[in-house]
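Okay, thanks for coming, everyone. Let me put the model up and then talk you through a few contacts.

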Amino acid sequence: MTFTVHDLISLSPVLLIGVGILATLIIEMLVKESEKILGWFTFVLLLSVAYLSLILLDHTALVFEDKFLTGGRVNIFFFLFSFGAAVVSLLSMEYIKKAGIHFGEYYIMLLSSVLGMMLISGATDFIMIFIGLEQMSVCFYVLAGFNRRNERSLEAALKYFLLGSFATGFLVFGLGLIYGAVGSLSITEIVIGYETLKTSPLFLTGTLLFIIGFSFKIAAVPFHMWVPDVYQGAPTSVTALMSTTGKAAAFSALIIIFSPIIQAAYPSFFTPVISVLAVLSMLYGSIVAISQNDLKRMLAYSSIAHAGYMLIGLAAWNEKGVSGVIFYLVAYTFMNLAAFGLISLIEKRDLRGTEFSDYKGLGFKQPVLAGLMALTMFALSGIPPFAGFFGKYYVFLSAIEAGMTWLAIVGVISSVISVYFYLRLIVVMYFDNSDEIVMVTPSTSAMLGIMISVLLIIIMGVAPGSIINLINSTF
Amino acid sequence: MSSIGLNHFLIISSILFSLGVFGVITRKNAVMVLMGIELILNAANINFVAFSAYGGFPVKGQIIALFVIVLAAAEAAIALAIVLNIYKNFNNVNVDEIDNLRE
Amino acid sequence: MNLYDIIFYLFAIITIVSATFVVFTKNIVYAAYNLLLTLFGIAGLYVLLGADFIGIVQLIIYVGGILILILFGVMLTNKITDVPIKSGVLQVIPASIGVGMLAGILILIVTNISWRNMELTVPESTIGSLGMLLMNEYILIFELLGMLLLIALIGAANIARK
């Protein structure tokens, strides 16, 4: 195995974050009150990783004995993960003080989960995807239960761990069967042997178990039961991380597996399974979200619905669908980051105050926060001219081009339903009133994180064409 | 000549997998659920080793089995930490009684 | 029936019977000890498949490490002295039907496969070639697993500390 300078440069985002984790560990050990500097250190580190990934966009390289790919679309994912996590680290700084979990380990876990995500998106081998997924999940299990004196946080960690590792079991067993059918776990070999494999029951069963395992990770119905409890119970900044970049990482795995098969213009036998998952997720997520009284829980159900919209892009089985999904992932990441960031600001010290009734009259008491929240809700419900609209537009368009108009119609119906519960929050904020005083002192760091997210939502809504062109150019 | 073939090993792994799934969905105690998960991971490992032994490249499947064993160890450590903490706060580890989060 | 077959059936019966006990027994300590037998039986199966190193790793890590962790979990979360260590069950009948169907389908599929080379290849010793693979082709994964174990250690210590 030989490394060239070109390889090293292409790998630099991953290397930087690996070195960063070790540096964080050492700072945590040596410096007194390291929590104070680690937040900004993490932010700067992730920001530089994001910058490196963007400037190395056309540095394609296949390294580590063809086990890891960088450049092109992979770097777009690198950027999404590291930039998203950088915003999360901004949102976390004050929040973890408020929640009483102000430890340096928090940032170590955050950085390690990003490393896991990057490994998933660059993998060329199922085993690599699996290891990256495990690295990410282990960090999330720990982060979900980070508030170890809070019963809700612990309950979230237990449920997340048990169901998550159950899903891992399915995934590994599925990989075992795929290995048996193919004789290897490399994606290239699967694409080469696709014509004969698609009639092999062993391969089909393995793939089905694999998709079931992954549906847990992307939170698609009927494998969603952990989502509301975990999103509600985990610390809000952690929920922001796992509902955005975590979901994007799981989708990136599906994209890197499927897109070589799509590019080779092979027919899809996955489409029926994915369409069923998509329809169930969209309708279930949107309908159940209506009856929620807790904002975090409502966003959990809405994230199930969003997973459904993104699955449409994969079910469409064309390149437009794939780039639509990537666009949607970027848009969704920043919409959810803004929403969870605002929730974490309004949340009280005892980690209550995430119910709709706590938002009564917020429009008069905290006009800035309420305005940003309203904008985020408009974006999430897919009202133009914000990012959410174009995400849905590209995905639905790809379904129509693939001749699956019915799927797009179900998507539109579900979006219309979802407008109700997003707008309900706006109604509560501006038309209800309560005498309770909401004491919020937004910290600079959290406001910066929220402003970045909101700005990106608006930019993606105003100039979606240039971003989708950038994504398309990486094919 | 031995009459044992690949199928025999695969049948064992299928039975172990199903028993593991059964354990996970019927057990209330979190530690018991964890045992079910270990059964599933072991079933997958038998598959990897058996397929590669009968496929003519024995070592490649074994190395994947090795990785899965390491992951199981990491997961078990996290699981024990979470379960102990749950016990400290709730005084039991039954998944159906740990149910504060709901609509 | 030759010796290989007899040993295979011995280990197979140990594995399946004890695994059945693990999921059906009400007593959690019995379940943990039966899991020991299951893991031991699986180690035997690995050796029969020519995977000597994996067999030993199975014994050292699973039996010597993970199982001890699980036993700690059992002992620290149950009041052994005053309350019987029992654990309840949920939805047994629908689960039995579903899992029975799952097992049937899986067995049907795996018994009908056509594998390209149905001869068992048993290498003389696997340790050397495993080491070479680990240091060459799978070096990235090897390093990452080191990272993963470190993270698991930090995370577990952080959750469990006072």
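I'll start with a helix pair and then go to the chain interfaces.

Bookkeeping: this is a predicted model, where local features need pLDDT of at least 70, side-chain atom pairs count only at pLDDT 80 or more, and totals for chains, interfaces and linings use all residues. Residues are numbered from 1 along each chain as its sequence is written, and chains are lettered from A and ligands numbered from 1 in the order in which they are written.

So, chain A. Helices here are DSSP runs (H or I, at least four residues), numbered from the N terminus. The axes of H3 (73–98) and H4 (105–122) of chain A come within 10 Å and cross at roughly 165 degrees; axes are lines fitted to C-alpha atoms over the stretch in contact, with angles from 0 to 180 degrees between N-to-C directions. That makes H3(A) roughly antiparallel to H4(A), a label for angles over 145 degrees.

Who touches whom? Contact means C-beta atoms, placed from the backbone, within 7 Å. On the H3(A) side we have, among them, A:Phe77, A:Phe78 and A:Phe81, and H4(A) brings residues including A:Tyr106, A:Leu110 and A:Met117. The tally for this contact is 13 nonpolar, five polar and no charged. Nonpolar is Ala, Val, Leu, Ile, Met, Phe, Trp, Tyr, Cys and Pro; charged is Asp, Glu, Lys and Arg; the others, Gly among them, are polar.

Now the interfaces. 33 residues of chain B are in contact with 33 of chain A, and H3(B) gives the most to chain B's side, with 14 residues. For chain C, 71 residues are in contact with 65 of chain B. Chain C's side there divides into 52 nonpolar, 17 polar and two charged.

Notes: Helices (H or I, at least four residues) and strands (E, at least two) are DSSP runs, numbered from the N terminus. Angles under 35 degrees count as roughly parallel, over 145 as roughly antiparallel, 65 to 115 as roughly perpendicular and the rest as oblique. Two residues are in contact if their C-beta atoms, placed from the backbone, lie within 7 Å.
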